[in-house]
Amino acid sequence: MTPTSLALNLPTKLFLGTYNFLVIIIGLFGNLCVLYCSVRHGAISMDDTTLAFIENLALADILISLLYYLPMLVTLVFDRWVFGSTLCWFVGFFSSHIPFLAEILVIMSIACYRVWVLKKPPDQRKLVTVTHVKVLISVIWFVVTIPVLYWAIAGAYATYSPMIYICTSSNHIPTAGTTLYNSTKVFTVVFVAVPMVIVFFTSVKIMHTICVHTLSVGVSLMPHIRSIITVNLICWAFLVSYVPIFVMIVLKSTGQYVPLWFGLFQTYAKSVHVIINPFIYVATNSRFRHFVLNKLRRREEERSVDTVGQEGHPLYDPNQSTSTPHAPPSPAPPSPPSPPSLPALLPPPESRSKISTSV
């Protein structure tokens, strides 16, 4: 009989729980920092069109961290699903598919756009505007909901999968029905496998262009070199994260058996780029890096000033009260006039001599 769950020992659970916690913290707060610095302060030096893609990619990573890996961490801790059937249906249909599919199509769009920019002269690069990108992103989020809605209408149900500690939709199970299972294969090939192939070839093209320009005119003379390198690193991080999913698609398409440990591995492997993306922005974008460091220094200085009056601070003075502010020193009272000296009370010598002779 084929096993339906993995018997994980305590060290393995601790490792997976720690990694899951890092995914949530870095994926959530790191990408929130990217959105805050970009939207509020414009701290990412990149053209507006590419920046619109990057902001949407950060939004998808936030949704993945919050709606997919957070329930997985809680389930891993309690060793069972504790959120009820309604949230299981939501996670199984929406959290397990829509953010991931939207992220894949957004990364494919970024890679294709950068290749198009490299081939076009500067006067034609303005043909694609931020408005066009926003429309494309809206279409992407609408398109990725089509397979989810189809599976829900066709009769698929959400079920807890103990081998990956998360709820999934039943259309991935062969026993759910031939129509649902075959449609899952088709949608997986169209929305995952084909975009991965496109991202791979476009990333190779971008890398080749960077190398050619570096050897010919120098990397400093290449326009938008920082944004090109950033996009290329994001694409390669995505490819590395989704290679296990691509292998699983090939195995299932050919009717091969997929081991349970490989299913758990691909579930955690596709979160690698969620952690790496914020560090890519910090490493390749000096304005974003300096902005984050200045914010941290300023907050540390403010915290240091606020704790001057607390015990343990290097400038703490135990004789100085921190509860009430010191009153300003009162002015010194005016000094009384000094009395006249004795010679000033006596008449001058000439007068004294006249007095003595007259007597």
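1. Let's start with how α2 and α4 cross: the crossing is left-handed, a label used when the near helix is turned anticlockwise from the far one by less than a right angle, with clockwise giving right-handed. Helix α2 covers residues 48-78 and helix α4 residues 98-119, and they pack at an angle of about 160° with their axes 9 Å apart. Here the axes are lines fitted to C-alpha atoms, for helices over the stretch in contact, and angles run from 0 to 180 degrees between N-to-C directions. The two helices are therefore roughly antiparallel to each other (under 35 degrees counts as roughly parallel, over 145 as roughly antiparallel, 65 to 115 as roughly perpendicular and the rest as oblique). Residues making the contact include F53, L57, I64 and Y68 of α2, and F100, E103, V106 and R114 of α4; contact means heavy atoms within 4.5 Å.

2. A word on what you are looking at. This is a predicted model, in which local features need pLDDT of at least 70 and side-chain atom pairs count only at pLDDT 80 or more, while totals for chains, interfaces and linings use all residues. Residues are numbered from 1 along each chain as its sequence is written, and side-chain values use heavy atoms, with hydrogens and water left out.

3. Now the overall picture. The protein has 13 helices and 2 strands; these are DSSP runs numbered from the N terminus, helices being H or I with at least four residues and strands E with at least two. Of the 359 residues, 40% are buried (buried means under 20% relative accessible area, exposed over 50%, partly exposed in between, with a 1.4 Å probe and protein chains only). Among contacts between residues at least 6 apart in sequence, 78% join residues at least 24 apart.

4. Helix α8 (residues 225-253) packs with α10 at an angle of about 165°, the axes being 10 Å apart. These helices are therefore roughly antiparallel to each other, and their crossing is right-handed. The contact involves, among others, I229, L233, S241 and Y242 of α8 and V272, I276, I280 and Y281 of α10.

5. Leaving out residues up to four places away in sequence, K270 touches Y68, Y69, F100, S241, Y242 and I245. Several names return here: Y68, Y69 and F100 also take part in the α2 and α4 contact, and S241 and Y242 in that of α8 and α10.

6. Next, the salt bridges, of which the count comes to 2. A salt bridge is a side-chain nitrogen of Lys or Arg within 4 Å of a carboxyl oxygen of Asp or Glu. In one of them K13 pairs with D79, the closest N and O atoms being 3.3 Å apart. This pair links distant parts of the chain, 66 residues apart, with K13 in helix α1 (residues 10-40) and D79 in the loop between α2 and α3. K13 is partly exposed at 21% relative accessible area, and D79 is partly exposed at 43%.

7. D47 and R114 also meet in a salt bridge, at 3.2 Å from N to O. D47 lies in the loop between α1 and α2 and R114 in helix α4, so the pair ties together parts that are 67 residues apart in sequence.

8. Two backbone angles deserve a check. Most residues other than glycine have a negative phi. D79, however, has a positive phi near 65°, and Y165 has one of about 60°. Y165 lies in the loop between β1 (158-161) and β2 (166-169), and is buried at 3% relative accessibility.

9. Finally, two residues in other helices. S95 in helix α3 (residues 84-95) is buried, with a relative accessible area of 1%, and touches L67, Y68, F90 and F100, not counting residues up to four places away in sequence. L136 in helix α5 (residues 130-143) is partly exposed at 35%. L136 and F53 are 83 residues apart in sequence, and their C-alpha atoms are 9.8 Å apart in space.
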